[in-house]
Amino acid sequence: MRHFLNGIEIAPKNLTDIGVVSTFTDDPDILSLSVDSVILPREANVIVQTHIQNVGLFEGIPYSVEMDDGVTIEYYVDLIDGVKVRQHEIEVNLKKRRSKDNFFERAEGTSFDIMRKNGVSFTTHDVPYFVIKDNQLETSLQLAIMSYIIGDAVYQQSLAVGTAINNLVEVSAPIFGLASPPFVGITISYNITGIIVHSLNLVLQLVYLGLLVVLLIDLATQMVLTIFPPKRKLKGTYVKEIMEKSCQYFGYTFASDLLDAHPYWAIVPVPLTQDRKSLWKILPEEIFPVFNSDAPSSSDTTPTLMSFMQGLETMFNGRIIVRDSEVRLERRDWLQEQTILQLEPALNLQSDRDDEFSYNTEESWKRYYIHYQTDFQDLHTADGITYDKSDAEFSTEPTFAVTNQDLVTIKGLNDVNIPFALGSRKNELNWLEKLAKEVLANIDTVTGIFGGGTNFGAQIDSRKDCLQISQQYFSTTKMIYGQSGAVKPGEIIQTQSDFNNVVSAKSLWDKYHYINAIQDNDYIIRENVRIRISSSNFVSLLSNNFALIDGKLCEILRLEWIDEKSFAQISYKEPLDWANGKVETITINE
């Protein structure tokens, strides 16, 4: 291997101890040096000292390692992390450029707020919702009282109008009499005064009835807007959109077979953003503004890019892979499906000519619990089918004949704590809306008699098939699934099928987490097995840590190659089926 500092070839003092390490465990470092620091004498020392004098400590120095096959590993000298200056040499720490470490360190300290401030904008879609409060009984009582008062007033006034009409008819009847001499015959006269009086009374009664009808319409309108507020909209942003724009912000590309297969995962950030109009200053008849932002804010459960990615890893049993300038989000076994290399290892205990391995028992569990967050500021997440679908629990149980129950050692909790809350779907009218629909339909009938009828009943009938929250503000970022425009143009509307079969905790188990059942995940672990491989084989393993070893598909956990010493050593998991047929996974709840 050849080493270059700022484009100039150098020879580190500890060159013979420097190898290349690839780690594929929970916190993968796909490619790094086997040492954390290098000792730079002579010319390299001068280059670093000159950089410090002219530029300072806050910008690193490019450092690269070129392998035999032309593969170049890009690093940089981190001058704010443990520089040790000696009389004739300097010891510095190296960090990988455009790598997992570099990407994660930047993502951990970067909020979506700072991205927006620096010009990043995320494409959003409307997420329609209704506010369905938890005071349904109180509201129904108000509705009943209001309906009775208005209905009784209209009824009584209608009776008064009928009486006025009857009186007018009676007073308008002709009055027959005999003519006074010298005239002979029958005379007809009218009670002009009475007709005028009762006509005016009828007009006043009709005017009053008309005012009551107008009041009825106005009160019904206010009732619908206040008790049954109109459909409003929040912003929803697709997970893939957030990942693509965020990675682009750092100079990376993003790819994900996982999200390509199910591309319509979207989040609805909490409605707590700066510079919004106060809820208390908005009149009921106003269309409510959109309160939330296009990406998580400081008030969300995942305020930084790092916490957001960690939440996705938890939810999808996933793994963030950073290679070169590409970031991937995949299920943890994704690399297993890629091109496979074949290796022939030696015994791992060379001095004893013996073979040693251990079991991956630390990956076994008694209880596996997948659960979304319950947001008690939005009681719909703790109610009904939404709560039922928000968690799933599984247990590992023995299938062998147990001799001593107290000696059964199946233990451990795998807690999949997803930092998002399920978005509750409003499937149908609730009982209060059904009651109101009948009342408002009667009002529609009454107003229709007088012309220009209302359509309140139909408005109530449309209050379904969208998101529902119990109050305007909630505290936990929501996760939903739906294709924008599939139901209505420009809107993300989560269907009942997607809610049950894609979003639910049980669906997450079926698609992403089932591979963690120990009977399907039982391996032995061989550590530090020495092996001879070519540099081309080593490069191939950097792209995929699964290989055929002795005819078995094995997962390589760690690979170290020291070119100067012409050997490599690996630690890997080999399938053995030591739990298969001994235990089974049962569903506790779904």
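**Strand pairing and burial in the predicted model**

The structure is a predicted model, in which local features need pLDDT of at least 70 and side-chain atom pairs count only at pLDDT 80 or more, while totals for chains, interfaces and linings use all residues. Residues are numbered from 1 along each chain as its sequence is written, and side-chain values use heavy atoms, with hydrogens and water left out.

The strands β10 (residues 125-131) and β13 (residues 232-238) pair in the antiparallel sense over five bridges; two strands are taken to pair if DSSP finds at least two bridges between them. Strand β10 also pairs with β24 (residues 466-469), here in the parallel sense and over three bridges. In this second pairing, F130 stands opposite Q468 in β24. Five of the seven residues of β10 are buried, so this strand is largely enclosed by the rest of the structure. Buried means under 20% relative accessible area, exposed means over 50%, and partly exposed lies in between (1.4 Å probe, protein chains only).

R232, which belongs to strand β13, is buried, with a relative accessible area of 8%. The side chain of R232 makes a polar contact with the side chain of Q472 at 3.0 Å. A polar contact is a pair of N or O atoms within 3.5 Å; within protein, one must be able to donate a hydrogen and the other to accept it, and residues adjacent in sequence count only if both atoms are side-chain atoms.

An open sheet of three strands has the order β14-β17-β16, and its pairing is mixed. Both β14 (253-255) and β16 (318-323) stand at the edges with a single partner strand each, so one side of each is left without a neighbour in the sheet. Strand β16 pairs with β17 (residues 326-331) in the antiparallel sense over six bridges, and I321 stands opposite R328 in β17.

For the protein as a whole, the secondary structure comes to 14 helices and 30 strands. Helices (H or I, at least four residues) and strands (E, at least two) are DSSP runs, numbered from the N terminus. Of the 590 residues, 46% are buried. Among contacts (heavy atoms within 4.5 Å) between residues at least 6 apart in sequence, 74% join residues at least 24 apart.
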